[in-house]
Structures are given as C-alpha cells and as structure tokens.
Amino acid sequence: MTAQSRITAVLGPTNTGKTHYAIERMLAHRTGVIGLPLRLLAREVYDRIVAARGPSVAALVTGEERIVGERAQYWVCTVEAMPTDIGADFLAVDEIQLCADPERGHVFTDRLLNARGLHETLFLGSDTMRPAIAALVPRVQFLRRERFSTLTYAGSKKLSRMPARSAIVSFSVENLYAIAELIRRQRGGCAVVMGALSPRTRNAQVALYQNGDVDFLVATDAIGMGLNLDIGHVAFSATSKFDGRRIRHLFPHELAQIAGRAGRHMAPGTFGVTGEAHPLPDEVVEAVENHRFQPIQRLHWRSGALDFGSADRLIASLEVAPQSEWLTRGRDADDLSALKALTERPEIASRARAPADVRLLWDVCRIPDFRAISANEHAVLLARIFDFLQGQGRVPSDWLAAQIQRIDRAEGEIDTLSRRLAFIRTWTYVAQRRGWVDDENHWREETRAVEDRLSDALHARLTQRFVDRRTSVLLRRLKQKESLVAEVNDKGEVTVEGEFVGRIEGFRFQQDASASADEGRTLRQAAYEALKPEFHLRADRFYNAPDTELDFTDQGGLMWGSHAVGKLVKGPEVLKPQVAAFVDEEAGPDVAGKVRRRLQHFIDRKIAAAFEPLLAMGRDEALQGLARGLAFRLAEQLGVLPRDGVADEVKALDQEARGALRKHGVRFGQFTVFLPLLLKPAPTRLRLLLWSLASDLPEFLTSPPPGLVTIPNIAEVARGNYILAGYHPAGARAIRIDMLERLADLLRQKDSRAGFEATPDMLSITGMTLEQFADLMGGLGYRAERGEREKVRAEPVAAPAEAGDGPANPIPEGEAAILTVTEPEIFYTFTWAPKPRPRPERGNRRQGAAPQGGAPGEAGERREARPRREGERRDRRPEKKPEGDRPDHKKGPRPGRERREEGARSFEARPPKKADRIDPDNPFAAALMGLRDKI
C-alpha cells in the first residue's frame, strides 16, 4: 500500500447509492477489485461493468463461477473469493456490517483488517459500523450518505390487499412457497428470489418482476443484500428466523436492511407486516424510519496466520483468540467443523501429516456444503475427494462424469431441481479449483451447462407454479390502459392477448372454469374490456340471421344454433308471449335491445305461421253470435276443445254458423271440436309451450314424439294436458284426436245396441291388438264382451311328385289337396254402454207402474224406480250415442229401424209367460196364434 492510499468508509442506510458510487470509483482507476456478499449481486455488478467497459476487461470470480476476460482489469468477486494479492489500484468491500455475522463474519473482518487497494480502499455498509471501523482501521475517512427517499411504516396488510410492486419476505422455504401460491391464486402470480438460486434462475425470476409480468416478489432476506429492484412496499411475513442455531427475533438494523429495499432512488417506500406476523413495536418502527440503531460492538474474527505443520496445529491456529476488544472469536465455521470431522478419521489423519497434505486437506474442507444433507454426508464426500487428490493428484474424470450425469436431468418438481442445483454447485466449485481435474476448461463448461439447464428448468417450474401468466398479462395491460385484443374461434373459445380466458355462448361470457375466484375477477374484467367490439359484431350477425338459425325449446328457451340467447316469458295474452334476452350487462343496452327485438320478431312469426287458421278466424268479422263465441273459446284453448265442454253451444249452432266455422277449418267431431291443421307436430309443440307459459306451470308440458297414434294414459297426467297434446284418453291409452274421429265414423255404421265386432279397418286405424282395442273401446263408453268360437282354416297339402308301387294316387300329380283345420278364435262384441252420470235421487215410482222404455217382457213386473241417466229422455227411450260430423261414405242403417228390429228380435226371443199360453183347441185362440205369427 502506497503512502497516497486512501481508505474511506462510505456509510449510510439503504438506497443511498453506495454500490453505484463504488462502481464509479473503481472504473476511475486502471484496475480494481470489489467484493460483494452474494453471488447474485456479484453477477449483477459484473453485468454492469461489462455493459460499461466490455467483457475483455472484466472478471467474475465466485466459488462456483470464474469468468476472466483476456485483459481483465476489474475483478468482481464474492468476498470469500476476492484476490488480495494482485495489487489492484482500487479495492472495495460491500455490506461491511456483515463483520458481525456469526457464520461469515470472520471473512469480512479479515478483509476489513487486511485488504487494501494501492490507491483507494472503500468499505460500504451501515452506519452502525462507524465506531468499530474507527477503532480498527487507522487513518480511515468517513463519508455519510443520506437516503434518497423516505421510508414509512404502513402497518399490517392482508395479502389480498397488498399494493402492487410489493415484496413479501419469508425466512423459510415452506412459508415462502405457501405465500407464493396464495398470491398466484389471488393476484395472478409472483416472482421468487432465494439466496440458493443460481444467478441464471434468479435473474430470470427478477426479470418477471422488473418487466411487470408480475407485481409481487416473494423472497428470503437475500433481497436485503444490495439487490436493486423496483419495490414500493416490503411486507414481513415473520419477524424471527432460524440463524443456524436457534430461532431468534430480527434486530432492528436487520429489519431496516430488508425494509430499505422499498422506495428505490427518489420514490418513497413503505414497509409493514402481513400474515401471522405481529405489528412492529413503536420503538422499532421509529428506529427503522429514522435509521438510528445501536452500534455494532463486536466483530467476528478468525486468525489468518495458519499453521500447516500438522492438522492439530492447523486447528489450533484457527482457534486462536483475538487480542482486540472489538473482536471476538465466532462459532466454528463449516470448513473448521469439516476439518475436525476428517481428522478424527484414522485413514485421513494418517495421510495428512506433511504440510502439503495438510494444506490440501484444508482446501478440500473449504468446499461449501451446498447439499446441506448432513455434516456426516458432507464429511464422507470431502474424504472421497481428498483421497482422489492425494492419491491420484486429480479427481478421476469418469467418476466426476458419473456424478454429473446423475444430476443432469431437467425433469422433476421445484424441490427436486433445487437439490440437483445444489449438487451441481459442488462439482462446479471443484472444477473451478486449479489443478483438481483434468481438462479444467471442459469440466467448467460442462458443469456450467448442466447448471444452466437445471436453472432454466427451475425457473420454468417456479413460473408454472407461482405465476398465472394469463392473469398477470391481462392485469398489466389493464393497468397500462392499453386496448386488449380478443379473438373468438369457431368453437366460441375466447383468447385475450393470446391467453385463453373462457368461452362466449350466445351473448354471455363463460369464464374459464379452472380459474379461482380471485383470478376470475381479473379474467372477467379483461374479457369484457376486449369483447365489447365482438358483442356488437355478433349482435349485428344475429339480427340479420334467418329464422332457420333460431329455434325454441320445450321449456321456453330461445336458441341461436346451439347457444341459448333468451327465453319466453308470460305475456298479456296466451298467443302474445314476451321474450327475455340472455345478454351480459357488460355488453351494453344497445346489444341487449337488438337481441331482444330479433327474438320477439322470431317468436311472433312462429306463432303467426303455426296458428294462422286460428288467428284468421279471430279476425273474421262475419262471425257473429254463437259462432263468434265458439271461435273465442277455440282461441282460448289454442284450437282444441273437448266436445262435452261445449255441447250446448254446438247444439245451439244453426247450419249457417256451422258452415262459417267449417270455412276456417273447424271440425265438429264426436268427441272434440278442433282445427285439424293445428294437430300437426309443430303447432302442437308450440301450443303446449304457450299454454304452459300462460298457466305458470312449474314444469312445462312436452309433446309426444310425432307419428304416434296412441300413447300411454298416465293417471297422474291431467286429461286436459292430453287434449292440448292432441290426444283423447281412453282406457290405458290415449288416442290421437283425428284418428279417434276416423274411428268414430266407422263406429257410427255399426249396430251398437245389438253389438258388433272390430273390423280390420278399426284395428288398422288405431294400430292396436284386439285386446288393446277392447280396452280403448271401454274407455270410449262401450262394453266389450269376450267370447271364443271355432274357426275353420283351410291348409293346402301338396301331392307327392312320383307314385310308388302302391294303389293309384287319386290327386293328380302337381296339384294340392285342401285340408280344413279348426282352431279356437277369441272375439269381442261391443255394445254401447255409457257410464251412468250421477244426479240427485228422485222419489220412488208408484207401485205397480212399469218404467217407461223398459224391455217388452217386463211390463207386468213391479220394480223400484231408478235414477234417470244424464241425457236420457223422460219417455225412457234408449240413449243415443254422441254424434259428430257425418262421414262422407255411405250411411249405415237408420237408428229408428235398428230399434224396431231389435224390439222384434227381443219379442221373438222372449220365453212365453203364463198370460201368453193359448189353448190350441180353442178356435179363438188359434186366430190369436195366427195373428202373432204375422206380427
């Protein structure tokens, strides 16, 4: 050190530009060395020097990395790797307050006491080091630097309310991962920074944050060591940590070192707590805000005068006590613990006797325990490496290649990749030692390549797990007030800025179901912002779409293709329903109004086309009186009326009124008054929908499949529902109304009093078996009597083609014989037998009087009076069947004639009573018998 060498301690809180000042001072000299506390920070400073002066004059030396330019002038190193014997003009040590660190303090203290530049030396750090530096470094000058911005305590905040550009600090990996996962779900993601990350992974993660891809950073206390990031708020998730020996609370100056990362340069910063961390005491808050802390009283020290005469003498020299009151011997570092563990092994102690072997053993023991498995595992590895180096002079290439090959795998989760990175750092360190491996450049490049691959894989896993790129990208664009570009493919999938956000169904956006509730808010906001033009374009296409692209469902939904775009709601009249459009509120009132108008036009046209005969009848002013009333009743029931409900009105219609209604297609059936055109599938489907809507039914009626003549008659279904569907319940089945009227036309040709059998035409019309037809007729008011009879059936029998030697065959060759076969046949006889309708009881008839209309043979019998059936005439004449419009084919026998013939047959079949017995020998009686025969 020359007489002109100047030693300066540049002290102050964070964000004072100390590191920037040191870089400027180093570049002002011809050569320089700067020591930094972290490999990450060393890489950052190296990149700045390369950018300023080029790679040829810069060098990066750390435990695992060595990049030396051809004309290296400026050396950027970790403090442990600083070359102190190259005679650089400038030398600087950053974060000098780490002299008080129990683990690494002795290295910083050694640099404070012994490392000097030829012309200038700088020590950068906290103002708490001022008394110690003044006492230990002669002729030192102090330069106080004030913080550029203010630092304010913001109290406790939930993660969900954490402001953007915040860093959340955790002191355990498990807690760090949990916080990062929570932020991903709630805020779109975060970057992760830990001291154990490789520079490549760390830089990639920091880039996510610095570029604005994420607004949050979750880190360990590594960010407190000079990492210059754009942080506005620092939140502590805990205020205590494990320091390697015990869990202890952080000192105020340690909290300030981390909190000071907030508010870079002139921007003010805030700090606080989050999660389960307790609020900071007032005195701690005041100390951090005003940068006033207790001075450091003791620096950790270890002797640098090592004795390699033997292993024991080396250990003794490392355990020498300091002579200054400012210095204290710290706890045993990892290298000293490893040395003690190896010297206790007889095979090592016996081989480490010469000074060169002891020095080699010490160099091996200084390999950091990157793997952090256990002290014993680390000692085993060191013993193996020492054995190779002492016995063979090199670590065998095949053995080293096998170790690296086991690690060179990029698959796996975050923890697995982190372990592999820790393992490769061991071999990277070994490859950096001069003379330990053959072809040093090859192994340095090989280990560096493996580390890069693992670093990239780890960055990818961290990003995949803790960053929702979709949410983070959309948040950034929304924050920047930039227009978002949405794309909708033919499947309705919506992408915004290339990120899938959900699907658009009709005019409603369905966000991605995989998104959490917190992510969903961002997705919805971004999607609607981008979909505004798409909603208007889609509304225009919908408004101009033909009716063939629209349809309605049985439950009242209105469809555009496969997407629901609205539903029907009850209107003022059954034939005038209203529509409700399914349009997101964010689409705007213009889009909603256009969709609503188009849907109303569609359903109005559907009703006008399906119910055109009914609507035309309602507009016909020529219909007057009873005809207009019946037309109104038909409109109320949407074109289908049970005849028994309007029997009086129909009976009162004159032929002119009936003709006027028939012009509109009205058919007066025996069981139903209806418009046949409205029984087609399309009007029937619409009729059931409109009726369900107007009746406020909780579950809408559905029409049967088209083409069915009969359907099951379910007891729980109201009879009126069958009528609306175009079916008439009868027995276990319900028959279609128009087919029932065709059947009624056939039945009117039959003698329903004497009885008749079903014809093939009847069975064909209904599509039923004989038993099913009998049940149907029972439901229509007929009595079915089952009977059996012998049926003669002729079967042809073929004659043999050739005659044998027997008697001659009477059947000519090639002809067939007819064989008659009898078999039982089941048949039904149907007679009109309507069910009696209840009415009030009347008094008993006069004794001895026969009821009118009785059978001819019962006139003289006395019996009690019975209630008159509904529809039965007072003169006790037999009841007529209900009649409809006469069929077009030839009419059957007239009912009056049928009754006369039936009476005659009854009279003839009647057994003779006592009063009818006539003496054949009496001439007068013989005349009576002749008269009876004529009758």
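Contact here means heavy atoms within 4.5 Å. By that rule, among contacts in the protein chain between residues at least 6 apart in sequence, 67% join residues at least 24 apart. The model is a predicted one, where local features need pLDDT of at least 70 and side-chain atom pairs count only at pLDDT 80 or more, while totals for chains, interfaces and linings use all residues. Residues are numbered from 1 along each chain as its sequence is written, and side-chain values use heavy atoms, with hydrogens and water left out.

**The chain as a whole**

The protein chain comes to 30 helices and 34 strands; these are DSSP runs numbered from the N terminus, helices being H or I with at least four residues and strands E with at least two. Of its 935 residues, 45% count as buried. Buried means under 20% relative accessible area, exposed means over 50%, and partly exposed is in between, using a 1.4 Å probe and protein chains only.

**Cores**

In soluble globular proteins, nonpolar side chains tend to be buried together. A nonpolar core is a set of buried Ala, Val, Leu, Ile, Met, Phe, Trp, Tyr and Cys residues joined through side-chain atoms within 4.5 Å. The largest one has 63 residues, and Ile168, Leu339, Val364, Ile385, Val395 and Trp427 touch the most other members. Take Ile168: leaving out residues up to four places away in sequence, its contacts include Leu159, Met162, Phe216 and Thr274. There is also a second, separate core of 57 residues, with Val494, Phe509, Ala527 and Leu599 among them.

Val364 turns up again in helix α12 (residues 355–365), where Val358, Leu360, Leu361, Trp362, Val364 and Cys365 are buried. Those buried residues pack against α9 (311–318), α10 (334–343), α11 (346–349) and α13 (375–392).

**Two helix pairs**

Axes are lines fitted to C-alpha atoms, for helices over the stretch in contact, and angles run from 0 to 180 degrees between N-to-C directions.

| Helix pair | Angle | Axis distance |
|---|---|---|
| α14 (residues 397–407) and α15 (residues 414–432) | about 160° | 9 Å |
| α19 (residues 589–610) and α20 (residues 612–619) | roughly 80° | within 5 Å |

α14 and α15 are therefore roughly antiparallel, whereas α19 is roughly perpendicular to α20. For the labels, angles under 35 degrees count as roughly parallel, over 145 as roughly antiparallel, 65 to 115 as roughly perpendicular and the rest as oblique.

Where α14 meets α15, Trp399, Leu400, Gln403, Ile404 and Ile407 face Arg420, Phe423, Ile424 and Trp427. That contact splits into seven nonpolar residues, one polar and one charged. Ala, Val, Leu, Ile, Met, Phe, Trp, Tyr, Cys and Pro count as nonpolar, Asp, Glu, Lys and Arg as charged, and the others, Gly among them, as polar. In the other pair, Ile607, Ala608, Ala609 and Ala610 of α19 meet Glu612, Pro613 and Leu615 of α20. The tally there is six nonpolar, no polar and one charged.

**Two glutamates**

Glu413 sits in the loop between α14 and α15, and at 58% relative accessibility it counts as exposed. Glu413 and Ala457 are 44 residues apart in sequence and 9.2 Å apart in space, C-alpha to C-alpha.

Glu825 belongs to strand β34 (residues 816–832) and is partly exposed, with a relative accessible area of 25%. Setting aside neighbours within four places in sequence, Glu825 is in contact with Gly787, Glu788, Arg789 and Lys791. Glu788 is 37 residues from Glu825 in sequence, yet 5.4 Å apart in space, C-alpha to C-alpha.
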